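Dear colleague,

I am passing on the structure below, together with some notes on what was found in it. Please read the notes with the coordinates open beside them.

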Amino acid sequence: MESSQHTLKESVSLSGIGLHSGYKVRLNIKPARANNGIRFKLIGRRQSMPALVDRVIDTSLATTIADKDMVFSTTEHILGALSGLGIDNATIELDAPEVPIMDGSAEEFVRRLQSANRKTQQSKRLFLKIIKEITYEEGDKKIRILPHNGLRLSCSIDFAHGSIQNQSYSIDISPKSFSTEIASARTFGFLDQVKQLQDSGYALGGSLDNAVVVDKNGVMNEEGLRFKDEFVRHKILDLLGDLSLLGYPLLGHVIAERSGHSQHFGLMKELAAHPECWQIVELNKTSKKGGMLRKKTASSTRKTGVHRRSFWSLPVSSATPSPATV
Ligand SMILES: [Zn+2]
């Protein structure tokens with residue numbers, strides 16, 4: 001875990017299609033000053049909005065955030081890429097209200113962000129450190145966070161389909177592990193569901209170029225899977241992206257069983273309601289002891305309320321996500 005904040009050395013630009021809207025979208029990711037956090041804005045407008053959990057308005061098909069007259073949907077993959085690479089401060093500019101889906105994964109975002117290089121900033125990173133286990137449950141879906149010195153994500157899925165079935169995956173997140181093991185895992189859907197969605201005006205930009213599609217015979221994409229457990233790896237990407245809406249990098253072990261965007265949101269809401277389960281901390285410098293490098297440990301200095309990106313600054317009732325359907 002790095003103790004200083006990071007941004008990009010230079011801006012990156014790319015374009016793609018919005019999965020649900022079908023719009024062609026241009027996207028710029030620009031460097032930002034320390035303590036800016038990740039913000040979204042429309043190209044040509046001055047106003048921007050922070051990518052924070054209290055702005056979530058919908059979690060049904062993807063994670064959508066809104067503020068005043070601004071709405072941005074399908075935020076999770078680009079946020080996962082920024083979080084996975086340890087980029088704390090950046091402005092995401094779009095010319096449409098949906099982040100382009102690219103190939104259904106975060107691979108292209110990661111490739112472009114890595115080519116722009118990271119820049120270390122003077123300010124210290126503040127972390128949201130879990131000090132007491134917290135659980136959120138919704139039917140057979142369950143997600144919890146345990147104290148952990150670092151960020152570990154464990155996901156399991158259970159689909160009654162021969163191509164997916166039970167899959168589980170667990171990973172300590174670092175820029176290296178994220179970019180090699182998680183970033184290229186694509187979103188997925190079942191053919192009959194995709195058809196239903198398109199009939200209802202969603203997934204209009206969806207195709208075998210930007211999702212793994214499964215029918216009764218198996219994976220329809222000619223090139224097959226990128227990992228045999230690509231499905232659960234993609235769940236890790238979604239989880240990481242959604243958790244970045246906390247506004248602080250997380251220190252904890254998240255264990256998610258059959259969960260999706262709605263349960264990720266439920267867990268964050270539960271965290272907001274239980275401040276005794278976490279602290280906002282910064283990392284101490286490493287020191288040598290007995291000839292061995294001691295691990296960095298988080299200080300217990302509580303800084304809640306003094307930091308600009310305070311966790312859940314609006315009343316909980318202002319965020320009203322709808323239940324997950326996928
Ligand atoms: Zn996803």
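Helix 1 (residues 76-84) and helix 5 pack with their axes 7 Å apart and at an angle of about 80°, which means that helix 1 is roughly perpendicular to helix 5. Axes here are lines fitted to C-alpha atoms, for helices over the stretch in contact, and angles run from 0 to 180 degrees between N-to-C directions; angles under 35 degrees count as roughly parallel, over 145 as roughly antiparallel, 65 to 115 as roughly perpendicular and the rest as oblique. On the side of helix 1, the residues that meet helix 5 are Glu-76, His-77, Leu-79, Gly-80, Ser-83 and Gly-84, and their counterparts in helix 5 are Leu-237, Asp-238, Leu-240, Gly-241 and Asp-242. The residues of this contact divide into 3 nonpolar, 5 polar and 3 charged, where Ala, Val, Leu, Ile, Met, Phe, Trp, Tyr, Cys and Pro count as nonpolar, Asp, Glu, Lys and Arg as charged, and the others, Gly among them, as polar. Two residues are in contact if their C-beta atoms, placed from the backbone, lie within 7 Å. Helices (H or I, at least four residues) and strands (E, at least two) are DSSP runs, numbered from the N terminus.

Please keep in mind that this is a predicted model, in which local features need pLDDT of at least 70 and side-chain atom pairs count only at pLDDT 80 or more, while totals for chains, interfaces and linings use all residues. Residues are numbered from 1 along each chain as its sequence is written.

For the chain as a whole, there are 6 helices and 22 strands, and buried residues make up 44% of the 326 residues. A residue is buried if 20 or more other C-beta atoms lie within 10 Å of its own, exposed if 12 or fewer, and partly exposed in between, with C-beta atoms placed from the backbone. Of the contacts with a separation of 6 or more, 74% are accounted for by residues 24 or more positions apart.

Not counting residues up to four places away in sequence, Ala-81 touches Ala-106, Phe-109, Val-110, Leu-113 and Ala-183. Ile-182, which is found in helix 3 (residues 175-182), counts as buried because it has 27 C-beta neighbours inside 10 Å. Leaving aside its neighbours within four places in sequence, Ile-182 is in contact with Gly-84, Ile-171, Arg-233, Ile-236 and Leu-237. The C-alpha atoms of Ile-182 and Ser-105 are separated by 8.7 Å, although these residues are 77 residues apart along the chain.

Turning to the strands, 5 of them form an open sheet of mixed pairing in the order 2-3-9-4-5, with two strands counted as paired if DSSP finds at least two bridges between them. The edge strands are strand 2 (12-17) and strand 5 (48-50), each of which pairs on one side only, and the twist averages 25° from one strand to the next. Strand 3 (residues 24-31) and strand 9 (residues 90-94) pair in the antiparallel sense over 5 bridges, with Asn-28 standing opposite Glu-93 in strand 9. Val-25 lies in strand 3 and is buried, with 21 other C-beta atoms within 10 Å. Helix 2 (residues 107-116) lies across strand 2 and strand 3, running at about 170° to strand 2.

Elsewhere, strand 11 (residues 127-130) and strand 20 run antiparallel and are joined by 4 bridges, and the bridge partner of Lys-129 in strand 20 is Gln-279. From strand 20 (residues 278-281), Trp-278 and Ile-280 point one way and Gln-279 and Val-281 the other way, and all are buried.

Asn-35, in the loop between strand 3 and strand 4 (38-42), has a positive phi near 70° although it is a residue other than glycine. Lys-68, in the loop between strand 7 (64-67) and strand 8 (70-72), likewise has a positive phi, of about 50°, and counts as exposed because it has 7 C-beta neighbours inside 10 Å.
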